[in-house]
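Okay, thanks for coming, everyone. Let me put the model up and we'll walk through a few spots.

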Amino acid sequence: MTASLFASAANAQTVAALPGQAVDLSRTASGDLLVTTENGHVIEVTSLGVQTVLANPGDFARPTIASVSLGPGSAAVIDDTGSIYEVGTVPGVPQLIYSDVYIIREPTDLSIDANGDFWIACKTISNNTRCVAHVSSDGQRWSYFSVDRSPAASAPDALSGGLVLSDTGAGLILLTADDDGAPVREAIGPASGFQIGRRDGDVALTSNGDIYVASNFDVLLHDRMAGTTGTFMTFPGPVRGLAFAPASTGGGDSLWVVEGNGLSNLREVLLGATAANDVMTPIWPVPGTGTQLTTYGLNVNSIVTDRDGHLLVGGDVFGSVVKIDRITLPGLVTTNVADGADGLTSRIEGMHLDRDGTIHALTRFGAIHTVTETGGAPIVGMTYTDPFDQIVVGKDMFMDRVGDAYVAARQGWSFGIVGRLTAPGQFSSLVALQDTRGVLPDVFGPRVLANEWNSTGFEGTVGVVDEQSGLLLDLPGFTGLNLSNQENVGDGDMVMDATGRIYVGCEDEFAVRVWNPQTERVSRIGSGYLNRASGLTISRSTNPLTSSTGFSLYVSQWNRLHEIEGVPPPAPRMLDLDAPGAGKVLGWVRPEWGRPVALCYDQAGAQLAAVTDDLKLVGLPLDGSPASLLADATSGLTGDLTAVAADPSGELLVGNSDGLIYRLSPLSGYMASLEFADGADEIANLVDLVNDAGAGTFLLDGATDPDGVSRLYELSNGVLEPVAITFNGRALGLDPVSGDIFVAQGATSTSPGEVLRVHMAPSPALVNHWPSNRYTAFDVDDLSRGITFDGDGNLLLASAQTGRVTSVDRALQSPQVFAGNYDEPTDLVVAPGRVGIAGLLGASVFVLDGYCVYEHGIDAAVPVVPFSRTLDPDPFMVPAIYQFGQVPGNSITLESPTDAGLPFLLLPGSLGQLNPFALASLGNDPGDPRVIAQDFDQLWIDAASGTVPFQAFLGVFDGAGVPIVPIQFNVPNQPALVGLDLPLDLTWVSLDALSPNSIRTVGGTTQFFLGL
């Protein structure tokens, strides 16, 4: 149909005269027309002009704007205040559905979706910005959906299932939603001439997507296929409404038009078209506040999650009764943590928790408290008093891993800062903003994020704090927030989930917004918080049966707490600006299954297998799909699960701390059969196990205290064979190149953590430090169970203490920080990665941190478990298990061709490596930078003197760099000596009078345990 066919209204027949100024026209489900007049008439009109009045003037206190059908004889009507009524059910008495005093101004059109939810073209309450508002069918939930541009009217789109908007500034727009419910706007084509004040712009669509638009006296036609817009028809009076409905003559649908000033006419344009559906496919559900869980006698300005998954809330009661309380999950029991009587000085505005559970709390007046829970009265300290009033009104804070605090402060009307308080107590401003509300660690950046009001409504942003330029740099798409500009309002709080999504409370739109870094769009996950969303945190859901993810977003609304189920788990909170980011989340273990403690690659199941502290075996598919519960107590598992490994057969081995090992096969539905019962009670504290390709299983019986001994066993045919004695062993790794076992040893009272290589060929095993055949300090603590290799034999080690993963290149032998920004990474594996993340050979490193597993692509391949062990001992190694009274003594291997012909001295030590001995202290060459990786020990003198048992510790290298007299270490098999339980570290030096301090080479290091 072209514009030339209809040059005037002569082709449109008048079907009915209407009693008043018509302002809207729509179609009912039965195909009749629904007319709304400004003075309150709502009339159903058939194609033959028969009128049924649903509402009359006087039924409404305010002018009516638009209506939609709710079914035969019933309609929903919106008035000029934004309130929505149902008419037709009770004659003369409109029934209130939604009373608006919150979000709607100057409504111009009303649409309805198949859920019965309403979509309103209107103005927001701030800054004269126009929008599309969203109200649930019962009027209990309400929200803005799209705040942008100038929508005048809307109609469902048959082609996309979205909503077509006529926009006074942008023409025709298609409005849809992405998978997160964020509005997606797409320009359709030009259209102009309509104005908000004239209440035209109404749109009607055919099933092929063509769009008709009311534009003053004209009806415009946009041909969707051609992409053109032209005048379709001109009327003598202003056109206020359009709809497609069955023709009065039969044979398809006609275009129906209401036009005219004062008394209006209903006209029909015979087209024989097919109308689009007037009831739109739901674009997105209307968000609400979530489930209200509880109320409490505290106006909350900050909320965080503690180590046990409970909630800490901080605030005051209108300027008095300052408190920090704990709300347990799921029981919702509130207990006091600290208050003014304990030393808190003013309203709590921000909180952060250290790894050890210490609470750091920012007050309204800029002081920062520490709160240490003791089981009795808390210990409340103060780390910063803000002596120079640099923080006018504290609004939010977090602390990074080195102990620096980042503070968002409101300094005045439209002025704020983000500052940093360094550990010594020096505060400095990093960036000046327009009324700062919140600050957030981005562990995936890594970087510091902050938000600002920007001096007007719906112009708030979240951006990156750039210390160098002093600017807040854009986060793409994270704009359009309606933040508060009042110092007493607690909005602007932010929290990040494990996918990198960021949630922010927005006071002046009563909502919680969420930004997706993948789409760079912002949606609303919560709305209707009349008392403002003052705090946000993520923790386990109160009802795991109804939560799709096991985690919920908790929103404090002053003295109310709300729960929104089904969000991802929280991101790590310990920012480390000196380390790479945390990577991409693969998946997570639902919290009702317990916290995962160990991880392995299950090649047969194309998954990672994890055991939890709640007696569960969980599978995390490598494609990123949700985790599944594989086995639990009903499958036959018992005890405290501590270790899991994949068997070459495709089955899984699961161990508990008592030393029991279970075999689970997917063919049996992961029912557990007992593989090893530890009947002789040889295992006291199983902490890890690995399998090699020869079906040998290696078990690490860990120390029960940091200064205790650990033992490495091989389990073969149900029999435990001792392999090595180590010190405070925490984790095992299998080297795919040599077939050797590597032990991550935790810190002791005398030594930092370290890695010990157990060389498995020839037998018996030999040990030394790694890398570079020398002692290297690694941060390993009691929670660190992660040590693994990639396919090239490069080592990776997780440290719960530092929140980092260290990599050691096999060729360079130099430790580097590979990844960081974790809270407590406890395990890691190398496995096939996802497309777009994995390296060129398809491999990724997967890091277990809390409930989540994060992925980093690597350039190496997935390791292949070796079938054999190489005969390549390092130049300096000692027996893995010392044999008392052995004659000849236990042999120590030492080789250094570059020191051929020189004397050497082995240096045994029992005092650890906390104070390495500086060679410069010998005095002959004060500039000598070298150190011996031990504390000075009297045993050095004993070794140099040849005191038993240090036989040939002072010797000479032959021409090949091998000791002329083999080095022996022989201790009599006497009870007093056997019971020493003494760790000995060994290193060596070559002696040369021409070298600095008469020492040419500081050799490698190793250790052994003197005891049984």
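So, which residues form a negative surface patch here? Those are Asp-613, Asp-640, Asp-658, Asp-681 and Glu-682. A patch takes residues with over 30% relative accessible area and no salt bridge, with like charges joined within 9 Å; Asp and Glu count as negative, and the charge is placed at CG of Asp or CD of Glu. Areas are Shrake-Rupley with a 1.4 Å probe.

Quick caveats: this is a predicted model, so local features need pLDDT of at least 70 and side-chain atom pairs 80 or more, while totals for chains, interfaces and linings use all residues. Numbering runs from 1 along each chain as its sequence is written, and side-chain values use heavy atoms, with hydrogens and water left out.

Back to Asp-658: it's in the loop between strand 55 (652–656) and strand 56 (661–664), strands being DSSP E runs of at least two residues, numbered from the N terminus. Asp-658 is partly exposed at 46% relative accessible area, and that label sits between buried, under 20%, and exposed, over 50%.

Now salt bridges, meaning a Lys or Arg side-chain nitrogen within 4 Å of an Asp or Glu carboxyl oxygen. The count comes to 45. One of them pairs Asp-576 with Arg-804 at 2.7 Å, N to O. Asp-576 is in the loop between strand 48 (560–565) and strand 49 (584–588), and Arg-804 is in strand 68 (residues 804–808), 228 residues apart. Buried or partly exposed, that Asp-576? Buried, at 6% relative accessibility, while Arg-804 is partly exposed at 22%.

How values were computed. Patches are made of residues with over 30% relative accessible area and no salt bridge: like charges are joined within 9 Å, nonpolar side chains (Val, Leu, Ile, Met, Phe, Trp, Tyr) within 5 Å. Helices (H or I, at least four residues) and strands (E, at least two) are DSSP runs, numbered from the N terminus. Buried means under 20% relative accessible area, exposed over 50%, partly exposed in between (1.4 Å probe, protein chains only).
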